[in-house]
Amino acid sequence: MRPRLLITILFSVLTGHSIADTNPSSPSASDTADLLSNANIEGMKALPIHGLNMVKAGGKIFFMSDNGRFVITGTLLDVWNRVAVTELDQVDQIANRIDLSKMKLKIDDLGPASFGTGKPQVVVFVDPRCPYCGKVQKQMDAIKGQYTFKLIPIPVLGPESQSLVVKIGCMLQTQAKDKARDALMHQAYDTLPSEIDSKCNREPVQRAMVTAKLFGIDGVPFLIAPDGRTFKGAPDSLADWLANKTEPKTETPRAEVIQPPSKAAVVNPDSAKTSNVGEDVKP
């Protein structure tokens, strides 16, 4: 299955919607170009869409490419959060928020390791070998009674991580799931089986990777709080961030986040081999 088709199908599952917005009364390209050339730019915000910005000019909202060549008019719908984005102030509200409660996505379908007993659910994408992920995981123990953490392993750091993700994912489907969770939590993998069970269902690993791609996750750890706030990196205090007592860090060279050295890798569900995002993954 082609990756674009796979992503489109999963997108439809996540949102439960298929949307087409046409407006035959939209202004002509010349009218729009003249308006943008002559009007004062009242504000501009980068959208969480690569290369696209929201611009307010002449009291109207436009969506413009980074180089200013392409302009889209009409209504922008955030189907994940189920809102129409009509004002610049909304961009800050949605850019770092993924409200899982409004999406038709079951986190348990992504093969997570569960830790904690609290009712609020925190989703954390991790690489099994990521040191900053380990820093976040150590902080979970002190608040495990307040939250349930859903750790979703994805391979960011190369072939060794790819193999560990599949092994952990397979063990999480067995009676040894607690052993797999503890191995991930403490990043101690000596006790994991050397061979991968041929009967293991690798689909949760594939779903996790496609979901990470849809969410725009290009580094780990990546956290999603119960209220939908997101954080890329390791917060100084996990408890304070979850309680919304601290503002997330901005992305700087000092940010505690691990990113892949090249393109993100997608795990082939029938092996521990990988393909670059954008290439077909054979079933």
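A residue counts as buried when its relative accessible area is under 20%, as exposed when that area is over 50%, and as partly exposed in between. By that convention Asp 227, with a relative accessible area of 34%, is partly exposed. The model described here is a predicted one. Its strands include an open sheet of four in the order 1-2-3-4 and an open sheet of five in the order 7-9-8-10-11, and the structure also holds ten salt bridges.

**The four-stranded sheet**

- Pairing in the sheet ordered 1-2-3-4 is antiparallel, and its edge strands are strand 1 and strand 4 (71-72), each of which pairs on one side only.
- Helix 3 packs on this sheet and touches strand 1 and strand 2, with a direction that makes about 10° with that of strand 1.
- Helix 2 (residues 29-38) lies across strand 2, strand 3 and strand 4, and runs at about 100° to strand 3.
- Strand 2 (residues 52-57) has five of its six residues buried, so the rest of the structure largely encloses this strand.
- Strand 1 and strand 2 are joined in the antiparallel sense over five bridges, and within this pairing Lys 45 has Met 54 in strand 2 as its bridge partner.
- Five residues lie between strand 1 and strand 2 in their hairpin, where Gly 51 takes a positive phi near 80°.
- Strand 2 and strand 3 (residues 60-65) run antiparallel and are joined by six bridges, with Asn 53 having Met 64 in strand 3 as its bridge partner.
- The hairpin of strand 2 and strand 3 has two residues between the strands, and Gly 58 in the turn has a positive phi of about 60°.

- Strand 8 and strand 10 run antiparallel and are joined by three bridges, and Phe 125 stands opposite Phe 222 in strand 10.

**Helix 4 and its surroundings**

- The buried residues in helix 4 (residues 131-140) are Cys 133, Gly 134, Val 136, Gln 137 and Met 140.
- Viewed down the axis of helix 4, these buried residues fall within an arc of 160°, so they line one face of the helix.
- The cover over the buried residues of helix 4 includes strand 7 (113-116), strand 8 (121-126), strand 9 (148-153) and strand 10 (222-224), together with helix 6 (177-186) and helix 8 (238-242).

**Nonpolar cores**

- The largest nonpolar core has 53 residues, and those with the most contacts inside it are Leu 100, Phe 125, Met 140, Phe 149, Ile 154, Phe 215 and Leu 242.
- Another core lies apart from that one and consists of nine residues, among them Leu 47, Phe 63, Leu 76 and Val 91.
- When residues up to four places away in sequence are not counted, Phe 215 touches Trp 80, Ile 98, Leu 100, Met 103, Leu 105, Phe 125 and Ile 224.

**Salt bridges**

- Asp 92 and Lys 45 form a salt bridge in which the closest N and O atoms are 2.9 Å apart.
- Asp 92 lies in helix 3 (residues 88-95) and Lys 45 in strand 1 (residues 41-46), so this pair ties together parts that are 47 residues apart in sequence.
- Lys 45 counts as partly exposed, because its relative accessibility is 26%.
- A salt bridge also joins the side chains of Asp 99 and Lys 102, at 4.0 Å from N to O; Asp 99 is buried with a relative accessible area of 14%, whereas Lys 102, at 36% relative accessibility, counts as partly exposed.
- In the salt bridge between Asp 227 and Arg 229 the closest N and O atoms are 2.8 Å apart; Arg 229 counts as buried at 9% relative accessibility, while Asp 227 is partly exposed at 34%.

Conventions:
Residues are numbered from 1 along each chain as its sequence is written. This is a predicted model: local features need pLDDT of at least 70, side-chain atom pairs count only at pLDDT 80 or more; totals for chains, interfaces and linings use all residues. Side-chain values use heavy atoms; hydrogens and water are left out. Buried means under 20% relative accessible area, exposed over 50%, partly exposed in between (1.4 Å probe, protein chains only). The arc is that of the directions from the helix axis to the C-beta atoms. Contact means heavy atoms within 4.5 Å. Two strands pair if DSSP finds at least two bridges between them. A nonpolar core is a set of buried Ala, Val, Leu, Ile, Met, Phe, Trp, Tyr and Cys residues joined through side-chain atoms within 4.5 Å. Axes are lines fitted to C-alpha atoms, for helices over the stretch in contact, and angles run from 0 to 180 degrees between N-to-C directions.
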